[in-house]
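Please read this briefing alongside the sequence and the model shown below.

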Amino acid sequence: QPGVRTPQSLFHLTALLIKSGLIHLENLYRYLSPSDGEIKEMHTRMALEAKQEAQKMNVTDVSANNDENKEKDVPKEPEKPDLPPDNQKFGLCEALLMVGGWSDAKCIMDKLPTHWTVAHLPIAQALCKLVHSTIEPLYRSHASKAARGRPYRAVSGGPSQAHSFDDLSKELFPMVTRLGPYLSCDPILLAKILRVGKGFLKE
């Protein structure tokens, strides 16, 4: 319903039903709002605005009078409505990651602009937690005791944990690829990945 936010508990329940196979994501996805077209339109608009802001920073400031004249000469574009705050696709994607439904969460990510889902901090954090769990056994075998930190348990029904470097390409690489630059939201995870990479280079 318009103006009513979808409760997190409903996202969680739906994610569990999808993970257990009682609901198929493709059958549900078409009913989620906003539409892919609206999301892509907002992504394009925000990317354009970011480029324009970057260009402004490289242009020498002109006098206030010139700025006023330009504003009078150039007609203002009508404001476009923002994407509804209740993004059900983002909410379901986050819930799927929290319950270990990586394959279905990946499907949602792949339908939308690259890295657009993980630009939403809760989704990036949920994916980081899943990476922590996936890399845990391999990381502990290559990290000193002082650097191991608290253990991350395997997510029930989630991606299989990596016990060797050969296991990385199956689950971990696709996760990290989809995180992209938003891996920076978890510096500890970034350090773990670097340590595992260092261990790989030594072998």
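Among contacts in the protein chain (heavy atoms within 4.5 Å) between residues at least 6 apart in sequence, 75% join residues at least 24 apart. This is a predicted model, in which local features need pLDDT of at least 70 and side-chain atom pairs count only at pLDDT 80 or more, while totals for chains, interfaces and linings use all residues. Residues are numbered from 1 along each chain as its sequence is written, and side-chain values use heavy atoms, with hydrogens and water left out.

**Overall make-up**

- The protein chain has ten helices and zero strands, where helices (H or I, at least four residues) and strands (E, at least two) are DSSP runs numbered from the N terminus.
- Of the 203 residues of the protein chain, 35% count as buried, a term that stands for under 20% relative accessible area, with exposed being over 50% and partly exposed in between (1.4 Å probe, protein chains only).

**Helices H6 and H9**

- The axes of helix H6 (residues 102–111) and H9 come within 12 Å and cross at roughly 35 degrees, the axes being lines fitted to C-alpha atoms, for helices over the stretch in contact, with angles that run from 0 to 180 degrees between N-to-C directions.
- The crossing of H6 and H9 is left-handed, that is, the near helix is turned anticlockwise from the far one by less than a right angle.
- On the H6 side, Trp102, Lys106, Met109 and Asp110 take part, and they meet Glu171, Pro174, Met175 and Arg178 in H9.

- One aromatic pair is found in a search of the whole structure, with rings of Phe, Tyr and Trp (its six-membered ring) pairing if their centres lie within 6.5 Å, and planes under 30 degrees apart counting as stacked, over 60 as edge-to-face and the rest as tilted.
- The pair is formed by Phe165 and Phe200 and is edge-to-face, at 5.2 Å centre to centre and 70 degrees between the planes.
- Phe165 lies in the loop between helix H8 (145–148) and helix H9 (168–179) and Phe200 in helix H10 (residues 187–202), so the pair ties together parts that are 35 residues apart in sequence.
- Phe165 is buried, with a relative accessible area of 15%.
- Gly199 is placed in helix H10 and counts as buried at 9% relative accessibility.
- Leaving aside its neighbours within four places in sequence, Gly199 is in contact with His142 and Phe165.
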